[in-house]
Amino acid sequence: MTGVDPLAGALSWALQHAQQHRRALVGIVFTLLAGTGITAFGIAPFAPDASQLPRRMVEQSIAPGDLNAQLEALAAETLKLTRNDTTRAGDTADTLLRRLGVNDRPAADFLRRDAAARMLLEGRAGKLVQVEASEDGRLLSLVARFPALKPELVDSHFTRLRVERGERGLQAWMDTAPLKAQTRLGSGTINTSLFAAIDESGLPDAIAGQLAEMFAAEIDFHRDLRRGDTFSIVYEAMTADGEPIPWNAGRGRVLAAEFVNDGKAHQAMWWSDATGRGAYFGFDGQSKRRAFLASPMEFSRMTSGFAMRFHPIHQTWRQHLGVDYAAPVGTPVRTVGAGMVEFAGVQNGYGNVVQIRHGSNRSTLYAHLSRVDVRKGQAVEQGQRIGAVGATGWATGPHLHFEFRVGTQHVDPQRIAREAETVAVSPSARPQFLAQASGVRSQLQTARNVGAARSHAD
């Protein structure tokens, strides 16, 4: 039995024996149910006292159906096996179907031959797969869900591949459907780093980047974190037909969060105005979004800060005049503030670079880009995409080098983000804001309670 999934083999054995002794099993179950009284009850608060209600007895004769006919009907039911999994790197049609408990060589041949069905194993791994098989292991249907094929739809839609067995045998087709957001709660405790805590809590990786951005003006997540710091969040998980998606980091927006750093609680929630434009605000109505974003990428990990470092190319200790963020090639890069593109092109060791002027004496620089999406003289808004991560110029690997300058002086971008000015909720919108904040507080309290209960159980 080398190479056979033990779970799949056990399920197959169980189904075969269930088939051989079906009438005996059904008879036993039916006899047990017939001789057992099953009572359901509910508790309704504020209901009247049952002892004070009028009572009457109702008698009715019930003729049971023919026992043999019912046993025959139950025995005629076809047993089906349903299993879920995700595709893995190196999967073939045979290994995937075997892992899903399907023993059907013609179905494996179909997945290799059909143009639409081949999409199941082409491209990246991590596709959600659900199969339904007969009791003898024959494939009845397969549904796979994976990122939309059109790049512009990846963040909002998914591709659904269906393979079904009909009168004409197996057939496959694809369609595109919208992703849906599902509100969820989460919590965690810092032991080593924010990203590690997010992983340990089973939350999407994108949560870490959003938390860091929400509280960047109050917490330096590279220097200020303490072991035992906690967080509670209310967030959107993107789902495909109700299943959380494993791609795009499953990313949805964090709706509200509380982060307790060194004993001090920091809270924020997402608030959008009548125009639909939104930002994160504290419960006091002050915006968490400042004139400059904390990072030029939505979800990133800082690998080198604004400090002395050993230069990987020149092999000497030098002052690092910016911040480096590790990310795959093609990761979108955004401007941290509104301004005008002062330069867009190639600059020596910087490779492909964009430089943006913010007002009279402040500017930002984005280097080693794989592509540049803006032109010199173009006006840009805060958060607008200006290019993508690359490894051009003097770079040892794909990353973004980011600088902030005041006049000709390089300054720490993290400090600038923390010190930038904020705005507040307008007086006219404040009653609605406070009502939403009240509901958010309750959700965060629930998340805290769940986290505390889990920690106590551990």
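**Close-up views of a predicted model**

**View 1. Packing around helix α7.** The buried residues of α7 pack against α6 (194–200), β7 (230–240), β9 (254–261), β10 and β11. These views all show a predicted model. Helix α7 spans residues 206–214, and because seven of its nine residues are buried, the helix is largely enclosed by the rest of the structure. The buried positions comprise A206, I207, A208, G209, Q210, L211 and M214.

View 2. The antiparallel pairing of β7 with β8 rests on two bridges, and T239 has P244 of β8 as its bridge partner. Strand β7 is also among the elements against which the buried residues of α7 pack.

View 3. The loop between β7 and β8 (243–244) holds D241. In the hairpin formed by these strands, two residues lie between them, and D241 adopts a positive phi near 55 degrees. D241 is a residue other than glycine with this positive value. Its relative accessible area is 40%, so D241 is partly exposed. The loop between β9 and β10 contains D262, a residue other than glycine whose phi is likewise positive, near 55 degrees. D262 counts as exposed because its relative accessibility is 54%, above the 50% limit for that class.

**View 4. R277 in the loop between β10 and β11.** R277 is located in the loop that lies between β10 (264–272) and β11 (278–281). With a relative accessible area of 66%, R277 is exposed. When neighbours within four places in sequence are set aside, R277 is in contact with W271 and S272.

View 5. Five strands, in the order β1-β2-β3-β4-β5, form an open sheet with antiparallel pairing. Strands β1 (80–86) and β5 (169–178) stand at the edges; each has a single partner strand, so one side of each is left without a neighbour in the sheet. On average, and with direction ignored, neighbouring strands of the sheet are turned by 15 degrees against each other. Helix α5 (residues 105–113) packs on the sheet and touches β3, β4 and β5, its direction making about 50 degrees with that of β5. Within the sheet, seven bridges link β3 (residues 139–147) to β4 (residues 157–166) in the antiparallel sense. A144 has L161 of β4 as its bridge partner.

**View 6. Strand β21 with β16 and β19.** Strand β21 (residues 385–389) is mostly covered, with four of its five residues buried. Three bridges pair β21 in the antiparallel sense with β16 (residues 332–334), and three bridges also pair β21 in the antiparallel sense with β19 (residues 362–372). G387 of β21 stands opposite V333 and also opposite V372.

Key. Residues are numbered from 1 along each chain as its sequence is written. This is a predicted model: local features need pLDDT of at least 70, side-chain atom pairs count only at pLDDT 80 or more; totals for chains, interfaces and linings use all residues. Side-chain values use heavy atoms; hydrogens and water are left out. Two strands pair if DSSP finds at least two bridges between them. Axes are lines fitted to C-alpha atoms, for helices over the stretch in contact, and angles run from 0 to 180 degrees between N-to-C directions. Contact means heavy atoms within 4.5 Å. Buried means under 20% relative accessible area, exposed over 50%, partly exposed in between (1.4 Å probe, protein chains only).
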